[in-house]
Number of protein chains: 4
Amino acid sequence: MVINDGDLVLLVHKGYKWLIKVERNKVFHTHKGFIDMNNIIGKEYGTTIKSSSGYDFYIFYPLMRDFIMQLRRRTQIIYPKDIAIIALYADIRPGKVVVEGGTGTGALTLVLASLVSPTGKVYSYDINVENLMYAKKNIEKLGLGNVVEFKVGDVTKHINESNVDAVILDIPTPWLAIPVIRNVLKPSGVFASFSPTIEQVIQTVNMLENNRFSEIECYECIMRQLRVKNGMTRPFHRQIVHTGYIVLARLLAT
Amino acid sequence: MVINDGDLVLLVHKGYKWLIKVERNKVFHTHKGFIDMNNIIGKEYGTTIKSSSGYDFYIFYPLMRDFIMQLRRRTQIIYPKDIAIIALYADIRPGKVVVEGGTGTGALTLVLASLVSPTGKVYSYDINVENLMYAKKNIEKLGLGNVVEFKVGDVTKHINESNVDAVILDIPTPWLAIPVIRNVLKPSGVFASFSPTIEQVIQTVNMLENNRFSEIECYECIMRQLRVKNGMTRPFHRQIVHTGYIVLARLLAT
Amino acid sequence: MVINDGDLVLLVHKGYKWLIKVERNKVFHTHKGFIDMNNIIGKEYGTTIKSSSGYDFYIFYPLMRDFIMQLRRRTQIIYPKDIAIIALYADIRPGKVVVEGGTGTGALTLVLASLVSPTGKVYSYDINVENLMYAKKNIEKLGLGNVVEFKVGDVTKHINESNVDAVILDIPTPWLAIPVIRNVLKPSGVFASFSPTIEQVIQTVNMLENNRFSEIECYECIMRQLRVKNGMTRPFHRQIVHTGYIVLARLLAT
Amino acid sequence: MVINDGDLVLLVHKGYKWLIKVERNKVFHTHKGFIDMNNIIGKEYGTTIKSSSGYDFYIFYPLMRDFIMQLRRRTQIIYPKDIAIIALYADIRPGKVVVEGGTGTGALTLVLASLVSPTGKVYSYDINVENLMYAKKNIEKLGLGNVVEFKVGDVTKHINESNVDAVILDIPTPWLAIPVIRNVLKPSGVFASFSPTIEQVIQTVNMLENNRFSEIECYECIMRQLRVKNGMTRPFHRQIVHTGYIVLARLLAT
């Protein structure tokens, strides 16, 4: 697979990563010298190139995970690990129809869109138009524009869709959206919500219990990275140990 | 959505779950009485029905996660949480071409197939024909038969495919397959391996370092479940705290 | 060190442990045969003896940790790990004067008494006289009777002592005791409380903030045990992952 | 309790801590102004004073834990949590006789000395004379000089003592000391070792199994701190998740 002018690539140097667009006659500056993009065009993915200061840089094609980490820089909320768990546990698969409450930077939107494509649909709500614009631009860059419909709106007040397979929330007051959601989800459909604090979780679970939901569960997903090195293997000393809690539930029929 | 004769449904009673096929004029026995399947047919998913002993049972449509847990009963290895992480971190999405080493019960196969469908492909190898047969039957039940090619073979010896997007291993000696895999993956492609013990991880990482792989990482994913109950919220006392380690890497171009 | 008639010993067989008193002409029954105590008397600690069914049993002298686990059987609250953390973080050392609220089975009392002895003092309160009697008997068995004063009373209402080095709580409503404790602790003294649920922690921390306490911290101590076995090393699959939270604080001067 | 000239005190300002000696006519400089020590002398512990820039500082008497954290700054190994677990699980109490292999900065020595005092004894070995000198100075500052005997020596080669209650190691190759230790511990005595990496643990456990040890266990102690704040309670995002593993065992009689 050969890198073309206009491609998005992941530039890697000793743990540092940059997600950039390749453009002819341009350079990309790093703390270890600049990269002449003309040297990238026509190369195979996975190639090693040298910066102007003589350091080795790898050029990979970007994974969904790299897009997420790139988007995370704007806010500080959801991590790839949480998105992974939510996507599987909410049964996000080709063809599914999903409502997302809280587009944010669109990191989760991206994964949802990718997983339901080409036949499924994501309806992504945010009260902030700037968020929607930013997310839309990113989604389109990845060719998933027709899978997502971005909507200005507050999911604690109103959701237009009905009979959807899953509703996924990443908003400050998920419990307020639950009376709305129970009219939006198809019976047996999945509710998933991501919240940083335990008080949010308690309120969300209480509200679910009073709104025809069952199989209510709350998880925290902790990823611990190991440094694997001959004779010196151990978990890294200092790591992210908390991002948020995931609340899951299924809607009962009336 | 209405339940039909022949559908797979998830029967739930107070934390107990059964994944069963609905068949007219049959009953399903539980420790809390039997369920008359004729009472299920024609009902909406999410409905509550009563067992012969008067207990409430919910009927949900099964999620991917429920299929995984069902398959787990035969062996004791990979959990939904690990599958979720592997799937996202290995960038498994519609259209991708993936080799799986170690079909096992086919739990991971099922998710891979579902995520790459309809245009992608999974080549799943196992040295045990019975495993392949069992997995094939399950994959077909879910209508994903044409997405997966099951192959009798030992991935530490030979893999037929080339230029694939990802190779995912769940075998006892993943390090032995690495010299084979580096000729199978496309440059920049993703390697992922799941292993229960730390010695397997050390050997795998050593071998990756000597075979043109970069961005080598090892993670452990720990899911901690909380009991959320007003005034009595805390993590459950006793839980699964270890299933295995996930090793990830990307192939460099020659 | 030789085992005498009347000694307390720890009997161990493949992970099973019994804390028993050696008595001449008595036998001790286990699921792997009985132990003739006459065979133990006069032996050295650390000796291996055979049960009537021919199984090997080790005889160790009991550690503080073994006494704790023995006492735990009556209730289900505090573990050695939590006691260890509380003891060090509350600065329990020879000569210190400590108030304990909630004697319970006396497991924590035992460690506190042992650590402050011979010159320090533990005042242990419980509203349940039976708890106090049971704990007293155990403390005396270990020769620490003169270090502990057991008191019937509710620490949320009244504590007689003043100017103590530390107050340690293991009661259902620790926050209610805080207005009492701020008149009991010496300035700069340590408050420590153990609670199973997060709601207890929140109430306790709120109350500390309003009662002249500073350096308020909340910890959860998780001990993960590894199975170390050549080529098969990994954490045990299923373990205790939560017992309770430890809240710590220091009293400011008026 | 009043602060005197020459006392060691803990100065605290918004999470920053300094362990300093109070000296008449001296000042202590911080990033938030300096503290005139004459203003501290004669004040009660727990008092709040103002720096030259008008910021509030608390003056507490230092806890064992504060001394440990102070000593940690020189190297980067053992934490209070690990010391707490080792001390309780190795049954360190008044009157016990303990050998310590690897004095290091003397953080662990300090706690051992404090806990076995006044009647017990700690023999602390290090191959580095500077370590021993530094630790000795600190131990004497706390009035525990007569409890500890510091010895220049390599515990993997020779230990002079015999019939001791416990041997505690914090050295790079603990396994090499085990054949020595089995002649030093009293039967039924406790072995404890702290090691950062898993390979050290595997070698240590193997050696214990071949040297008459039983009840071999390996633990990792993880302390997770929670931010408790009304409506915003959650674990802190980024924390220390690994310091080292603790290996425990008991010696059988010959």
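Me: How many residues does the contact between chain D and chain C take from each side?
Reply: In this predicted model, the contact takes 57 residues from chain D and 57 residues from chain C.

Me: Which elements of chain D supply at least two residues each to that side?
Reply: The strands are β6 (56-60), β11 (185-195), β12 (213-227) and β15 (245-251) of chain D. The helices α1 (64-72), α2 (80-89), α3 (107-116) and α6 (198-209) of chain D also supply at least two residues each.

Me: And where does the largest share come from?
Reply: It comes from β12(D), with 12 residues of the side of chain D that touches chain C.

Me: How do the residues on that side divide into nonpolar, polar and charged?
Reply: The side of chain D that touches chain C has 35 nonpolar, 11 polar and 11 charged residues.

Me: Back to β12(D). How many bridges join β12 of chain C to it?
Reply: Strand β12 (residues 213-227) of chain C is joined to β12(D) by 9 bridges, and the two strands run antiparallel.

Me: Which residue of β12(D) stands opposite C:Gln225?
Reply: That residue is D:Tyr219.

Me: Changing topic: how is chain A divided into domains?
Reply: Chain A has domain 1 (8-60) and domain 2 (65-251). The C-alpha centres of these two domains of chain A lie 32 Å apart.

Me: What is the strand order in the open sheet of 4 strands in chain A?
Reply: The order is β2-β1-β6-β5 (chain A), with antiparallel pairing. At the edges are β2 (16-21) and β5 (47-50) of chain A, each of which pairs on one side only. On average, neighbouring strands of this sheet are turned by 30 degrees against each other, direction ignored.

Me: Over how many bridges do β1 and β2 of chain A pair?
Reply: Strand β1 (residues 8-13) of chain A pairs with β2(A) over 6 bridges, in the antiparallel sense. Opposite A:Leu8 stands A:Lys21 in β2(A).

How values were computed:
Residues are numbered from 1 along each chain as its sequence is written. Chains are lettered from A and ligands numbered from 1 in the order in which they are written. This is a predicted model: local features need pLDDT of at least 70, side-chain atom pairs count only at pLDDT 80 or more; totals for chains, interfaces and linings use all residues. Two strands pair if DSSP finds at least two bridges between them. Axes are lines fitted to C-alpha atoms, for helices over the stretch in contact, and angles run from 0 to 180 degrees between N-to-C directions. Domain bounds come from an automatic or database domain assignment. Two residues are in contact if their C-beta atoms, placed from the backbone, lie within 7 Å. Ala, Val, Leu, Ile, Met, Phe, Trp, Tyr, Cys and Pro count as nonpolar, Asp, Glu, Lys and Arg as charged, and the others, Gly among them, as polar.
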